[in-house]
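The sequence and the structure are shown first, and the description follows.

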Amino acid sequence: MPGPLERSGQHVPADTPGEQGPVSPDRAEEHPAAAVYGANVTTYYAVFGALIALTGLTVGASYLSFGDAPAIVHTLIAMAIAGVKAGLVLLFFMHLWHSPRLTWLVAFGALLWLAIMMVLTWSDYWSRNWIRP
Amino acid sequence: MSEHAGPLAHHFEDIEQQKDAAALGMWAFLATEVLFFGGALTAYSIYRGLYTKGFAVGSSFQIVPLGAINTAVLLTSSLTMALAVHAAAVGNRAALVRNLALTLLLGAAFLGIKVYEYHHDYVEGLVPGAWFHPTEEVRDRIRPFEQQHGTVDFRQVELYFIFYFVLTGLHALHMIIGMGVLTIQLVLVRRGWFGPEYPTPIELTGLYWHFVDIVWIFLFPLLYLLRHAGGGH
Amino acid sequence: MSTGAPDPQYPSAPQPDAQQEVDYLNASFGWKSWLLTTDHKRIAILYLIVITLMFFVGGAFAVIIRLELATPQADLMEPDTYNKMFTMHGIVMVFFFLIPGIPSILGNFLIPIMIGAKDLAFPKLNLLSWYIYVFGAIFTIWGMLAGGVDTGWTFYTPYSTRSSHSNVIPVAVGALILGFSSILTALNFIVTVHRMRAPGLTWFRLPLFIWSSYATSLVVMLGTPVIAITLVLVAVERVFDWPIFSPPEGDPILFQHLFWFYSHPAVYIMILPAMGVISELVTAFSRKTIFGYHFVAFSSMAIAVFGFLVWGHHMFVAGQSVYAALIFSALSYIVAIPSAIKVFNWTATLYKGSVSWQTPMLYALGFLALFSIGGLTGLVLAAIPIDVHVTDTYFVVAHFHYIMVGGTIMGYLGGIHYWWPKMTGRMYPEGWAKAAALIVFVGFNLTFFPQFIAGYTGMPRRYAAYDERFQVLNVMSSAGASILGFGYLLPFGYLIWSLKYGRHAGPNPWGVTGLEWQTSSPPPPHNFDETPTVTEEPYVYAVEEPEYV
């Protein structure tokens, strides 16, 4: 949408990304709503298929054995797959792919803050035994 | 929500500004939900690290096929929700009604399976607190695990189940709220609301519903699939 | 100035004649027009009423505390009762006054006007946030009347979840409900500032009050959900007897991590809005543009971000790892830097300005002095070797009261006085107001400075009884508290008086810059008759360049 500079009639440099997401011009002519809501129906079914497949993958991976490796290996694999699934839902079902930059910032900001909470809290437990009284 | 005098609210300049504001508002709200569930997940992750054996045993008591089916059910409901949003945007009222109803139905199916799982845990004596008395049969099930990893402290298993019920309970609560909103919108759609000139409320519900799905995408492996205690233990 | 055109939001409003202006206060009458309003200005006034009420509730607990502490023995009440007093003082002041105070009153009123908008992005959500506040307040007060809570406002486990026989759950739930109100307000502010600025109003033309409110809102959105889930877990543990945070399986330190992850940023929620007010006051009453606009704006954002990285400094003696403590200590030093930058910039703004001594400026200058002391003592506490000795003593109590009361409340009162003519169309009596400001300043320092000494020499906090060597300091503190209390009652009196008898104020009684001063006092229901266009930076005052520097 036009920001304050555009609406006041003041000059906006041509290469300013503005606050639109990467919406392709031809898609915008298909249907005005499709321009805002991005993906078409085929994409939804394809993403759905991928999500089901990844679910099967993560269930299968949980039955693998890694010998003497620590338990966290399974956690990391499961989280990686879950991350891909969540990414697909975010990008295509939630239209993040076609959303303005600000929406991306909100999504990543939330994840970053979650990471801060987890990492700094873990750092306490992880380093408890480094120094013995 | 639509006003009597058309969808544009008086304090916005145009409908585009209103839609952008609504979408940003919902995304910002979902960011708070990330931190809300995230706090519980942080606690869960700390305890899983401290009590790997007990939590692995706890996970092993879950019925993985049921969890996997529920995951598929919720993913399907996300598909139908996305299709509903699309239908609203292009003005296909029949598809909108159908997909909203399907989303509701799938949500109900998810909750039904969860109720069955909860009951199963109760029968096995795995509900924490006053109801925690794992049956002999349950204890026998983990003998092979204990042979490899040593005796399991069942207080750790209880803590696992505390988090299982809190996390899935909060998730279910969010689903119920979402289903409430879906029901209201389903009724309103049949009265002519949410046409292609202002499908935004459906999109907002969709964002919320997909988020609830994402939470489950992480809960499922974290609660059901981490049945291993590693070699070092 | 408003025109005579009927306002669609108030269809039953009387048609104004040539003399009478339609403003948001007289556009409609009756309790329904207030309790069902979606006008951000009316909602701000609704908040003013309930928040003032809660301030006096919290103040009443403070009076009781200071009465007990006037003597070394626990002679006024049982120690368990005293525990309830300081707990409830903390909960009411933190959750129901300091956190919502400036944002829900001044932020709600001013933000749309300052950016040239007709209302916030979500007016109905705004009204809902007020009702949620009231609901949370009722819940909490009920919990207090039904026996109170004695865990400290910090709800530390396992006492709060296992041993305490007090009303932990209703009060915790009350705070939880308040969190929702806070989140909805912040969400409204963020979307409004992003999406509803007037033409020409780019980010770096925004008043600094907006930058501070925006940064505060970010902190609220990211932090409050964590206290929400933490209180949910505490309530769950208490109700079902599930040992989430209690030994042997549960870890009390984990509770503290989750609790302080929010509660430290919460102190920035409490101070950032006041800092925003100070930026407005210092420029207005030195008739000079802010020194270092970008630095002040970015400092607000830096405080918001870094404020999330320091929570472990509340846990130096709790049992967390030494290495984590070191990291938190280092980060706590860093977080002081943007605050210091702001103090330097405000001071530099005064330099060679045309300074006048009206009441809002008195509060602003008081803020500069007292916040600096509070902030410096925070650095003292960030040093682990010192903190080990002064933690849980009155040194800490004095430190945070210097910031919360010497900082935030001074900012709050300065802002209320500065924008009072805008909100009500009436001037407050300047003589009384100046006297009150001075009484507050004197009373505040007499109350809290002795506490630094008491704490440093060993007096612990949260004790009803203390060693008699601390009595002189405590008597001074209690005497100061009575002066401070009187100082707070004065504005309550003369501000209400001014509603009927105060001088009528024009649109710009202070003669200052800012969009809010370009509309009538009080503003019309839709703030502006035409959306203004902004073409220059804020705080542009005519500057006389001296011939010789």
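## The contact between chains A and B

In this predicted model, 41 residues of chain A are in contact with 47 residues of chain B; two residues are in contact if their C-beta atoms, placed from the backbone, lie within 7 Å. On the side of chain A that touches chain B, at least two residues each come from helix H3 (32–37), helix H4 (41–61), helix H5 (72–93) and helix H6 (101–126) of chain A. Helices (H or I, at least four residues) and strands (E, at least two) are DSSP runs, numbered from the N terminus. H6(A) gives the most to this side, with 13 residues. By class, the side of chain A that touches chain B has 29 nonpolar, 10 polar and 2 charged residues. Ala, Val, Leu, Ile, Met, Phe, Trp, Tyr, Cys and Pro count here as nonpolar, Asp, Glu, Lys and Arg as charged, and the others, Gly among them, as polar.

Residues are numbered from 1 along each chain as its sequence is written, while chains are lettered from A and ligands numbered from 1 in the order in which they are written. Because the model is predicted, local features need pLDDT of at least 70 and side-chain atom pairs count only at pLDDT 80 or more, whereas totals for chains, interfaces and linings use all residues.

## Helix H4 of chain A

H4(A) has 21 residues and reaches 30 Å from its first C-alpha to its last, close to the 30 Å expected at 1.5 Å a residue; the expected span is 1.5 Å times one less than the number of residues. The buried residues of H4(A) are Tyr44(A), Val47(A), Phe48(A), Leu51(A), Thr55(A), Thr58(A) and Val59(A). They cover an arc of only 110 degrees around the axis, which puts them on the same side of H4(A); the arc is that of the directions from the helix axis to the C-beta atoms. A residue is buried if 20 or more other C-beta atoms lie within 10 Å of its own, exposed if 12 or fewer, and partly exposed in between, with C-beta atoms placed from the backbone.

On the other side of H4(A), the exposed residues are Thr42(A), Gly49(A), Ala53(A), Gly56(A) and Gly60(A). The buried residues of H4(A) pack against H5 of chain A, and also against helix H3 (64–90) and helix H8 (200–225) of chain B.

## The contact between chains A and C

Chain A also touches chain C, with 17 residues from chain A and 20 residues from chain C taking part. The elements of chain A that give two or more residues to this side are helix H1 (4–7) and H6. H6(A) provides the largest share, 8 residues. The side of chain A that touches chain C divides into 9 nonpolar, 5 polar and 3 charged residues.

## Chain B

The secondary structure of chain B comes to 8 helices and 0 strands. Its C-alpha atoms fill a box of roughly 70 × 30 × 30 Å along the principal axes. Of the 233 residues of chain B, 52% count as buried. Helix H7 (residues 154–190) of chain B has 37 residues and reaches 53 Å from its first C-alpha to its last, close to the 54 Å expected at 1.5 Å a residue. Just after H7(B), Gly192(B) takes a positive phi of about 105 degrees.

Chain B averages a pLDDT of 93, and 97% of the residues score at least 70; pLDDT is the predictor's confidence in each residue, from 0 to 100. Over residues 1–5 of chain B the pLDDT is below 50, and this stretch has 5 contacts in the model beyond near neighbours in sequence. Where pLDDT is low, the predicted coordinates should not be read in detail.

## Chain C

Chain C has 16 helices and 0 strands, and its C-alpha trace spans about 70 × 60 × 40 Å along the principal axes. Of the 549 residues of chain C, 57% count as buried. Residues 24 or more positions apart account for 83% of the contacts in chain C with a separation of 6 or more.

Tyr456(C) is found in helix H15 (residues 430–456) of chain C. With 17 C-beta neighbours inside 10 Å, Tyr456(C) counts as partly exposed. Leaving aside neighbours within four places in sequence, Tyr456(C) is in contact with Val390(C) and Phe395(C).
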